[in-house]
Amino acid sequence: MLYVVATPIGNLEDITLRALKTLKEVDAIAAEDTRHSGILLTKYEIKKPLLSFHSFSGHAKIEKILALLQEGKNVALISDAGTPGISDPGFVLIRAAISAGIQVVPIPGPSAFLSALCVSGLPTDKFLYLGFLPKKKSRKTLLESLREEERTVVFYESPYRILRTLQELQACLGDRQVAVCRELTKMFEEIFRGTLSEAISHGKNKTPKGEFVVVLGGKNFAIDKRLQI
Ligand code: SAM
């Protein structure tokens with residue numbers, strides 16, 4: 001079986017009992033970055049053969065993991081943070097395992113976009129998850145398509161582009177409500193709730209650091225000043 005195991009997005013205590021049990025019981029663990037995951041596995045005294053599986057892993061790597069699974073071995077797939085397959089290379093292996101008739105089992109837990117969405121103060125009943133925005137090609141078309149989007153929009157952004165992206169969103173969509181969530185569950189966790197222009201002023205003249213999730217209000221979401229802190 002291939003177990004798709006969610007691991008913490010920062011705070012190492014954010015891991016389920018079932019995830020720990022699974023990681024302790026499988027025959028091998030496929031990890032995006034074996035050194036990074038080593039910190040988590042050492043903390044919980046989990047010693048298992050580690051197979052590296054990342055975005056540059058070729059066909060041969062997938063075949064090797066599939067061969068183990070086809071022998072009847074149990075493998076856990078973990079990523080650097082959160083839920084494997086959500087904007088990380090896990091998808092390719094999960095797809096290959098399904099095609100090979102392997103049973104794929106979810107072991108749910110954290111995901112950065114869900115953590116951000118639930119504390120954003122923006123409507124959560126319907127939302128659109130965009131992963132990482134395209135850098136060049138189709139970026140403008142995507143941003144323009146959000147003009148008519150009524151659902152809350154969630155996406156990942158890097159510290160190098162966060163300010164520019166907020167500025168582009170404001171230029172394209174006007175002053176929508178936003179929650180900019182940085183370093184969730186970590187020491188420097190910050191959740192900025194306000195309008196796009198307030199978020200831009202907040203971020204200006206600072207060097208953005210860490211990992212970001214942006215949660216953007218939909219077209220008709222009325223800005224409610226009482227929600228601001
Ligand atoms: N699979 C992961 C998940 O379930 O959330 C996402 C992997 S994606 C390659 C990594 C991106 O997630 C980062 O660039 C950042 O935008 C976001 N992210 C991950 N951890 C985060 C955290 N603690 N706080 C804010 N954003 C985070």
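**Strands, rings and buried spots**

Guide: Let's start with two strands: β1 (residues 2-5) runs parallel to β4 (residues 75-78), and three bridges join them. Keep in mind that this is a predicted model.

Visitor: What makes β1 and β4 a pair?

Guide: A pair needs at least two bridges. β1 and β4 have three, so they count as paired. In one of those places, Tyr3 has Ala76 of β4 as its bridge partner.

Visitor: Which order do the strands of the sheet follow?

Guide: The open sheet has five strands, in the order β3-β2-β4-β1-β5, with parallel pairing. The twist from one strand to the next averages 25 degrees.

Visitor: Why are β3 and β5 said to stand at the edges?

Guide: Each of them, β3 (50-52) and β5 (104-107), has a single partner strand, so one side of each has no neighbour in the sheet.

Visitor: Which strands does helix α4 touch?

Guide: Helix α4 (residues 90-99) packs on the sheet and touches β1, β4 and β5. Its direction makes about 155 degrees with that of β1.

Visitor: Why is the pair of Phe113 and Phe127 called tilted?

Guide: Planes under 30 degrees apart would be stacked and over 60 edge-to-face, with the rest tilted. Here the planes are 45 degrees apart, so tilted it is. The centres are 6.1 Å apart, and the cut-off for a pair is 6.5 Å. Phe113 sits in helix α5 (residues 112-119) and Phe127 in strand β6 (residues 127-132), so the pair ties together parts 14 residues apart in sequence.

Visitor: What makes Phe127 partly exposed?

Guide: Its relative accessible area is 30%, and the word covers values between 20% and 50%. Phe113, at 11%, is buried.

Visitor: How do you know that Cys118 is in no disulfide?

Guide: The two sulfur atoms would have to be within 2.5 Å. The nearest cysteine sulfur to that of Cys118 belongs to Cys181, 8.9 Å away, so there is no disulfide here. A search of the whole structure finds zero.

Note on methods:
Residues numbered from 1 in each chain as written. Predicted model: local features only at pLDDT ≥ 70, side-chain atom pairs only at ≥ 80, totals over all residues. Heavy atoms only, no water. Helix = DSSP H or I, 4+ residues; strand = E, 2+ residues; numbered from the N terminus. Axes fitted to C-alpha atoms, helices over the stretch in contact; angles between N-to-C directions. Contact = heavy atoms within 4.5 Å. Phe/Tyr/Trp six-rings, centres within 6.5 Å; stacked < 30°, edge-to-face > 60°. Buried < 20%, exposed > 50% of the residue type's maximum accessible area, 1.4 Å probe, protein only.
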